[in-house]
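The sequence and the model are shown first.

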Amino acid sequence: MRINSLFLISICLILCSCALQDYRRATPSLNLATKERLSVGVQDRRPYILNHDKEEYFVGIQRGGFGIPTSLMNHDGRPLSEDMTEVIVKSLANTGATVTPMKITPAMGNDSVFQIAKSQQADKIILLTLLNWKTDTYQSTNLVYDVSMTVYDSQGQELATKHLQGTDNLGKNIWNPQSIPIELAPIAFEKKLEELFNGNISASLSKN
């Protein structure tokens, strides 16, 4: 009975911690300056979202004592793409741009995205596509990512694109492993955004 009680307590701790990954905490510093009207959106094209194995609020997994994975959600149950969009919008607004968020569903095609941007009278469109994004935590946490950012003009012509893919170890905490993704996953997203915007993406946005 004691073993069963400890097991249930462990599960409860994992489930309680799952709502605490808050990507809105990311505050990237973007090295660009623009006065243009930008439409910004994030599209969740992760395969486990497209096949409905996971929900759009899925941010990663926490492995228990036997390595059994439990799915983790973000801080409030909103789609992860919406939290990420909010971060990008705020960061771009700090550069002087007029920024309007786009709500993009996983199944939406580019033509539909361009129609939204047209209705918002955007000069340029920024689309971040998530092909993979999740934390995997046991005693340490890995961030697995595959993301691309593309800038389009108002006619839907591609101006610049950048792709990042890899697996980064965020750290280790044997006694409180779930604290690693809660604290460091938003910071990792912040750094990935800074890396994505650096170079040709920033240059394409700075050209008025």
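## Overall architecture

Of the 208 residues in the protein chain, 47% count as buried. The structure is a predicted model. The chain contains 6 helices and 7 strands, and along the sequence these elements follow the pattern α-β-α-β-β-α-β-α-β-β-β-α-α. Among contacts in the chain with a separation of 6 or more, 67% are made by residues 24 or more positions apart.

## Packing of helices α3 and α5

Helix α3 covers residues 80-93 and helix α5 covers residues 179-197; their axes come within 12 Å and cross at roughly 55°. Angles from 65 to 115 degrees count as roughly perpendicular and those under 35 as roughly parallel; α3 and α5 are therefore oblique to each other. The crossing of the two helices is right-handed.

Which residues of α3 and α5 meet? From α3 the contact takes M84, V87, I88 and L92, and from α5 it takes F189, L193 and F197. By class, the contact of α3 with α5 has 7 nonpolar residues, with no polar and no charged ones.

## Aromatic pairs

A search of the whole structure finds 6 aromatic pairs. Two of them are set out below.

| Pair | Centre to centre | Angle between planes | Arrangement |
|---|---|---|---|
| Y48 and F58 | 5.4 Å | 75° | edge-to-face |
| F114 and Y152 | 5.0 Å | 70° | edge-to-face |

The pair of Y48 and F58 links distant parts of the chain: Y48 belongs to helix α2 (residues 47-50) and F58 to strand β2 (residues 58-63), 10 residues apart. Both Y48 and F58 are buried.

R46 is located in the loop between β1 (37-44) and α2. Is R46 buried or exposed? With a relative accessible area of 0%, R46 is buried, because buried means under 20%. Setting aside residues up to four places away in sequence, R46 touches E55, E56, F58, L80, L130, L131, N132 and W133.

K192 is found in helix α5 and is buried, with a relative accessible area of 10%. Apart from neighbours within four places in sequence, K192 is in contact with W133, Y145, L164 and D168. K192 and Y145 are 47 residues apart along the chain, and their C-alpha atoms are separated by 9.6 Å.

S204 lies in helix α6 (residues 200-206) and is buried, with a relative accessible area of 8%. Not counting residues up to four places away in sequence, S204 touches K124, V151, L159 and A160. S204 and A160 are 44 residues apart in sequence, yet 6.5 Å apart in space, C-alpha to C-alpha.

## Positive phi values in loops

Most residues other than glycine have a negative phi. Two residues of this chain are described here as departures from that pattern.

H52 lies in the loop between α2 and β2. The phi of H52 is near 65°, a positive value in a residue other than glycine. H52 is exposed, with a relative accessible area of 68%.

Where is Q121 placed? Q121 is in the loop between α4 and β5 (124-137). Q121 is not a glycine, although its phi is positive, at about 55°. Q121 is exposed, with a relative accessible area of 56%; the cut-off for an exposed residue is over 50%.

Key:
Residues are numbered from 1 along each chain as its sequence is written. This is a predicted model: local features need pLDDT of at least 70, side-chain atom pairs count only at pLDDT 80 or more; totals for chains, interfaces and linings use all residues. Side-chain values use heavy atoms; hydrogens and water are left out. Axes are lines fitted to C-alpha atoms, for helices over the stretch in contact, and angles run from 0 to 180 degrees between N-to-C directions. Helices (H or I, at least four residues) and strands (E, at least two) are DSSP runs, numbered from the N terminus. Angles under 35 degrees count as roughly parallel, over 145 as roughly antiparallel, 65 to 115 as roughly perpendicular and the rest as oblique. A crossing is left-handed if the near helix is turned anticlockwise from the far one by less than a right angle, and right-handed if clockwise. Contact means heavy atoms within 4.5 Å. Ala, Val, Leu, Ile, Met, Phe, Trp, Tyr, Cys and Pro count as nonpolar, Asp, Glu, Lys and Arg as charged, and the others, Gly among them, as polar. Rings of Phe, Tyr and Trp (its six-membered ring) pair if their centres lie within 6.5 Å; planes under 30 degrees apart count as stacked, over 60 as edge-to-face and the rest as tilted. Buried means under 20% relative accessible area, exposed over 50%, partly exposed in between (1.4 Å probe, protein chains only).
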